[in-house]
Amino acid sequence: MTHFYIAGAGGAGREALDICVALGQEVTAFADDMAAGRIVRGHVVCLPEDTEAGSLYVVAIADPDARVKVSRLLEDLALRPGRLIHPSAVIGPCVIVGDGLIVHAHTTISSGAVIGDHCQVHYNASVGHDTELEDFVTVLPGANVAGNVRLETGATVGSGAVVLQGRTVGAGATVGAGAVVTRDVVPGTVVVGSPAAQLLGAGR
C-alpha cells in the first residue's frame, strides 16, 4: 500500500483530512515539524524526515511561500505529490490539473481551466473558463475568479474576493478579502477594496 501524508497539521491540514474522509483516502500521518509527536484527529504527527520515501503527499498550508519550502523538502525526501479533489467539487471538461492540487467542497472549476502544481481552491470558490492558475496559487473560500483570468505563481485571492474577466494577478500578489479586481494587479503587491487598489507600504 502506498502511504499518504498531509503536510501541515493546522486548520488547513484538518480540512484536507476532511477531503480524505470524503474520498475514502487513508492517511498515514500528518507531517509537521512544529507539531511532531501530537495526535491530530486520531492521526500521529511526524517529522518530515520520518516519512517513507516513495509515498504520496499534499501540502495543506495556505501560505504559498511555506508551501514551496515544504514541497521541495518532501520531494528531496523522495516523496511524490498527490491530489485531493472533494467529490462535491465540479470540474468542467478540458480542465488540466497539476500535482499537489487540493480542491475543497462545493467548488467549481470551469471548462478549459489550467491549474498548476500545488494550488489550492478552497470551499465554495469558483474558477472560470479558460483561467490559468500557475504553481502555488491559493484561492480562498468563497472567492470568484472569472473567465480568462491569469493568476501567476504564488498569488493569493482572499475570501469572498472577485477577480473580473481577463485580469492578471501578478506573481506573489495578494487580493484582500472581499476585494473586486477590475484591473491587473502588480506582482508582489497587496490590493484591497472595491474597486481593488494597492495597499501602500504592503508587499512581499
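Predicted model: local features only at pLDDT ≥ 70, side-chain atom pairs only at ≥ 80, totals over all residues.
User: How far apart are the end C-alpha atoms of helix α1 (residues 11–23), and what span should its 13 residues give?

Analyst: Counting 1.5 Å a residue, the 13 residues of α1 should span 18 Å. The model agrees with this, because the end C-alpha atoms of α1 are 19 Å apart.

User: Within what arc do the buried residues of α1 fall, seen down its axis?

Analyst: The buried residues of α1 are Gly13, Ala16, Leu17, Ile19 and Cys20. Residues three or four places apart in an α-helix point the same way, because there are 3.6 residues a turn. The buried residues of α1 line one face of the helix, since seen down the axis they fall within an arc of 155°.

User: Which strands are included in what covers the buried residues of α1?

Analyst: Contact here means heavy atoms within 4.5 Å. By that criterion, the cover over the buried residues of α1 includes β1 (4–7), β2 (29–31), β4 (43–46), β7 (84–85) and β10 (102–103).

User: Which residue follows α1, and what is its phi?

Analyst: The residue after α1 is Gly24. Its phi is positive, near 75°.

User: Which residues of α2 are exposed on the side away from its buried ones?

Analyst: In α2, the buried residues are Pro64, Arg67, Val68, Ser71 and Leu74. They cover an arc of only 140° around the axis, so they sit on the same side of α2. Exposed means over 50% relative accessible area. On the other side of α2, the exposed residues are Lys69, Arg72 and Asp76.

User: Against which strands do the buried residues of α2 pack?

Analyst: The buried residues of α2 pack against β1, β5 (56–59), β13 (120–121), β16 (138–139) and β19 (156–157).

User: Is His104 buried or exposed, and what is its relative accessible area?

Analyst: His104 lies in the loop between β10 and β11 (108–109). Leaving out residues up to four places away in sequence, His104 touches Glu15, Ile19, His86, Ala89, Val121, His122 and Tyr123. A residue counts as buried under 20% relative accessible area. His104 is therefore buried, at 5%.

User: Which element gives the most to the lining of the largest pocket?

Analyst: The largest pocket holds about 180 Å³ of space. Of its 13 lining residues, the closest to the centre are Ala31, Asp32, Asp33, Ile61 and Val70. By class, the lining has nine nonpolar, two polar and two charged residues. With three residues, the element that gives the most is helix α2 (residues 64–76).

Definitions and conventions: Residues numbered from 1 in each chain as written. Heavy atoms only, no water. 1 Å grid on protein atoms, 1.4 Å probe; cavity = no way out; pocket = protein on both sides within 12 Å on 5 of 7 lines; lining within 4 Å. Points joined across faces, edges and corners; volume = space filled by probe spheres on them. Helix = DSSP H or I, 4+ residues; strand = E, 2+ residues; numbered from the N terminus. Nonpolar A, V, L, I, M, F, W, Y, C, P; charged D, E, K, R; others polar. Expected span 1.5 Å × (residues − 1). Buried < 20%, exposed > 50% of the residue type's maximum accessible area, 1.4 Å probe, protein only. Arc of directions from axis to C-beta.
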